[in-house]
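Reader: Hello! Could you take me through this structure, one question at a time?

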Amino acid sequence: MSKREPALAALWVGAIILGMEKNILRPVRNGLFAVELHAAVWTGTIHSFINLSPNAPCVTGNKEISRPDECRLLYLTGSESHQRAPVCPWQPFGTTPLGLADIEVQQHATCKGHCLQYVSWRWDTENGLSCEDRGFDETAVVDQCGATSTEFDAASVTTQTEGFLQSELLSETATRSIFGWLRVDGYPPIEKEIFTHDWFDVGSSSEESVLNDDDSPATEQGLIKEWLDRVE
């Protein structure tokens, strides 16, 4: 671990001395480690794809936005139901037509520079003095480039191994978690194939929430106005 992140070597030594290393690594092996954004920026490391800067601009030429950028903008703008960072650190795949994204995403999709940036934190003492902390390692540089996909020959993957089955289970959990966060209020019809996949089939189909074309904001506003007109 120290070779992977040399800047954190001292922290690992401290964790081993205190006997905390097993408690730290146990959830990591299950792909469920806690995301702590403040600790990430303080140490100059990456705990979640939310730490990374969105593409600038986020929207592509065909009026689509990548789902990782969609998640970042939902969180950064404090969109309803997305005030908390996703517990899943792994980014979702694919893109979303900009017209189907939340209004906050549409408003900021062409902006530049929206990202989380650590400045410092300050302790104020009782005697009126203060101490400013600019980070565990001020020289640490966080890679702001998004993760790239890796191509591989599917035929080379052995599916009859315990390791592969464990990996698939972790992928299933991560995929269900991040898409559940992204589409907490329901999914658009074009994503039906995703949410009807076996990985998402954890409940009754009657509980599914699909955003139909009739669920557009304009339609909802019309229904509200019609209801208000009937109120005496």
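Reader: Is Leu-18 buried or exposed?
Author: Happy to start there, with a word on the source: this is a predicted model, in which local features need pLDDT of at least 70, side-chain atom pairs count only at pLDDT 80 or more, and totals for chains, interfaces and linings use all residues. Residues are numbered from 1 along each chain as its sequence is written, and side-chain values use heavy atoms, with hydrogens and water left out. Buried means under 20% relative accessible area, exposed over 50%, and partly exposed in between (1.4 Å probe, protein chains only). With a relative accessible area of 64%, Leu-18 is exposed.

Reader: Where is the place of Leu-18?
Author: Helices (H or I, at least four residues) and strands (E, at least two) are DSSP runs, numbered from the N terminus. Leu-18 sits in the loop between helix H1 (9-17) and helix H2 (21-29).

Reader: How much accessible area does the nonpolar patch with Leu-18 have together?
Author: Patches take residues with over 30% relative accessible area and no salt bridge, joining like charges within 9 Å and nonpolar side chains (Val, Leu, Ile, Met, Phe, Trp, Tyr) within 5 Å. Accessible areas come from the Shrake-Rupley method with a 1.4 Å probe, and for residues only the protein chains shown count as cover. On the surface, Val-13, Ile-17, Leu-18, Met-20 and Ile-24 form this patch, and together they have about 500 Å².

Reader: Which pattern does the chain follow along the sequence?
Author: The chain holds eight helices and four strands. Buried residues make up 24% of its 232 residues. Read along the sequence, the pattern is α-α-α-β-α-β-α-β-β-α-α-α.

Reader: Which residues touch the most other members of the largest nonpolar core?
Author: A nonpolar core is a set of buried Ala, Val, Leu, Ile, Met, Phe, Trp, Tyr and Cys residues joined through side-chain atoms within 4.5 Å. The largest one has 24 residues, and the members touching the most others are Cys-71 and Val-105.

Reader: Which element gives the largest share of this core?
Author: Two or more residues each come from helix H4 (67-76), helix H6 (162-182) and helix H7 (192-195). The largest share is five residues, and it comes from H6.

Reader: What does Cys-71 touch, leaving out residues up to four places away in sequence?
Author: Contact here means heavy atoms within 4.5 Å. Cys-71 is one of the buried residues of H4. Its partners are Phe-49, Ile-50, Pro-92, Ile-178, Trp-181 and Leu-182.

Reader: How many residues of H4 are buried?
Author: Among the buried residues of H4 are Arg-67, Asp-69, Glu-70 and Arg-72. The helix is mostly covered, and the count is nine of its ten residues.

Reader: Why do residues three or four places apart in an α-helix point the same way?
Author: They do so because an α-helix has 3.6 residues a turn. In helix H6, Arg-176 and Glu-172 lie four residues apart, about one turn of the helix. This pair forms a salt bridge, with Arg-176 partly exposed at 26%. As for the reason you asked about, the value is 3.6 residues a turn.

Reader: Which residues are linked in a network of salt bridges?
Author: A search of the whole structure finds six salt bridges. In one of them, the side chains of Glu-191 and Arg-183 meet at 2.8 Å, N to O, and both residues are buried. The network links Arg-67, Glu-70, Arg-183 and Glu-191.

Key:
Salt bridge = Lys/Arg side-chain N within 4 Å of Asp/Glu carboxyl O.
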